[in-house]
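Here is a short note to read beside the model. Please keep the sequence and the 3D view open while going through the points.

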Amino acid sequence: SASVSAVLYIFGATGDLAKRKLFPAIYALWREGYLKGNFAVVGLARRPRTDEQFRQDVYDSIREFARYKNEDGSEWASFADHFFYQSLDIHNLEGFRQLNETTERLERQFDIPGNRLFYLALAPELFGTVSRNLRGGGLLESSGWQRVVIEKPFGYDYESAERLNRELGEVFREEQIYRIDHYLGKEMVQNIEVVRFANAFFEPLWNNKYIANIQITLSETVGVEDRGGYYDHSGALRDMAQNHMLQMVTMMAMEPPSRLNPEAIRDEKVKVLRSIRRYSNADEVRANVVRGQYTAGSLKGVPVNGYRDEPNVAPDSVTETYFAAKVMVDNFRWAGVPFYIRTGKRLPTKTTEVVVEFKNVPENVHFARKTKLEPNLLVFRVNPLEGIYIKVNAKQPGSGWGIVPVAMDFCQSCQVGLNTPEAYERLIYDAARGDSTYFTRWDEVALAWKFIDRIADGWRESHDDLYFYPAGSWGPEAGHELLARDGFRWWPVH
Ligand code: BG6
């Protein structure tokens, strides 16, 4: 594929995201030839740092987190030469003017045609200020393109998201704004479309005649770690459900787009979000949504604290660390098919899996007499294992009549020598070449919030439906009852 030529600005260059995800992703893009000689990276943060120190930070981050480790060290210097640092107070316009001058010099030095990608790995309260100062400092007047990439959380509810969007909109057009949902950058999430629309096995069955339910699990073993300040305010609902989980629902439920272009695809996703049934009051929320919070327990034999004892968490916090819901997509294709989604911290395994449970074939008297049939399953394993497997019924070997479910398993991440790209690699590259398919458009964000806000409203009325679950368990019993009531169960994750 073609390489891209741009100046990439990382606001928040001394932060965690830059260290864990962005530098390693940029390095991988370079190793794979998507970035060649004509690019520059400018790190920006308040802390003073020399270019040399910054390059050392980048080096350390790559040593620790990158999938390419720079084992032989040979090309390091020619990569590091593209990195620069400027200490910046984002409230000070003068700093932005200086940044513009630096940029013009870098554009000459590396022969970059005025393309500028501003990555805001910053608290969202700062997006407005940064955008205005980018304009004020002259940074949006280059001869190439200018785009801004922003991280979640995109607001706290619909109203604050709308305000945030308005502030960005005063400076940037929608086509210039790339809202990250890193789940959309994951290989297996992108694979959902392909498996659905490129297989005669599945495409004709993808509807309420053949599918009994869809289950999405995004479980984590980690607690809130050092993010208590943020998380206690956000909770699983805003941290995971509003973005990653609803995005996966749309990927599963959307109609085939008429064209493979970003707007056609995102239009179809918007239609799904518009069809999702909104809970109309606190009772409906309670009947369809389960929330939980972890208490002390143990994971893989190691004792861990309860949520309320985590740093920067209120000792009487009612924030949910577990969320499960039954979501209905009220359109022709999905009428009557529940989408069950769940996510939680301090659950027994780190997994993201999407399970499609098919309806059983008509009971054949001869078979049914002997064995209770298990449903067919199609499972997308998103992470940490990447793959697809299907469960089919087959004859039990031997002279009897028994039927057993057998798995046909394709493990993508097990293939020797295949080193799958990290979500951020794909997303940074896409933003730099102007492909917004795997970024969330404003109308998607807005509709997602409108669904989520109803839940938050219902929860505010009373907290007596907050269940406690011991760390290391699969969450509150109510999360299982949610499916049991409909005659289903969560399929075990792998
Ligand atoms: C982030 C959330 O968006 O996704 C985190 O803020 C969560 O709380 C993370 O841990 C999970 O992402 P991944 O890629 O590790 O599954």
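1. Helix 5 (residues 127–136) lies across strand 1 (7–11), strand 4 (116–120) and strand 5 (146–150), at about 160 degrees to strand 4. Helices (H or I, at least four residues) and strands (E, at least two) are DSSP runs, numbered from the N terminus. Axes are lines fitted to C-alpha atoms, for helices over the stretch in contact, and angles run from 0 to 180 degrees between N-to-C directions. Contact means heavy atoms within 4.5 Å.

2. Helix 12 (residues 423–433) packs on the sheet as well, touching strands 1, 4, 5 and 6. Its direction makes about 140 degrees with that of strand 4.

3. This is a predicted model: local features need pLDDT of at least 70 and side-chain atom pairs pLDDT 80 or more, while totals for chains, interfaces and linings use all residues. Residues are numbered from 1 along each chain as its sequence is written, and side-chain values use heavy atoms, without hydrogens and water.

4. The open sheet has six strands in the order 3-2-1-4-5-6, with parallel pairing (two strands pair if DSSP finds at least two bridges between them). Strand 3 (83–87) and strand 6 (177–179) are at the edges with a single partner strand each, so one side of each has no neighbour in the sheet.

5. Cys411 and Cys414 form a disulfide, with sulfur atoms 2.0 Å apart (the cut-off is a pair of cysteine sulfur atoms within 2.5 Å). The torsion about their S-S bond is about 75 degrees, so the disulfide is right-handed.
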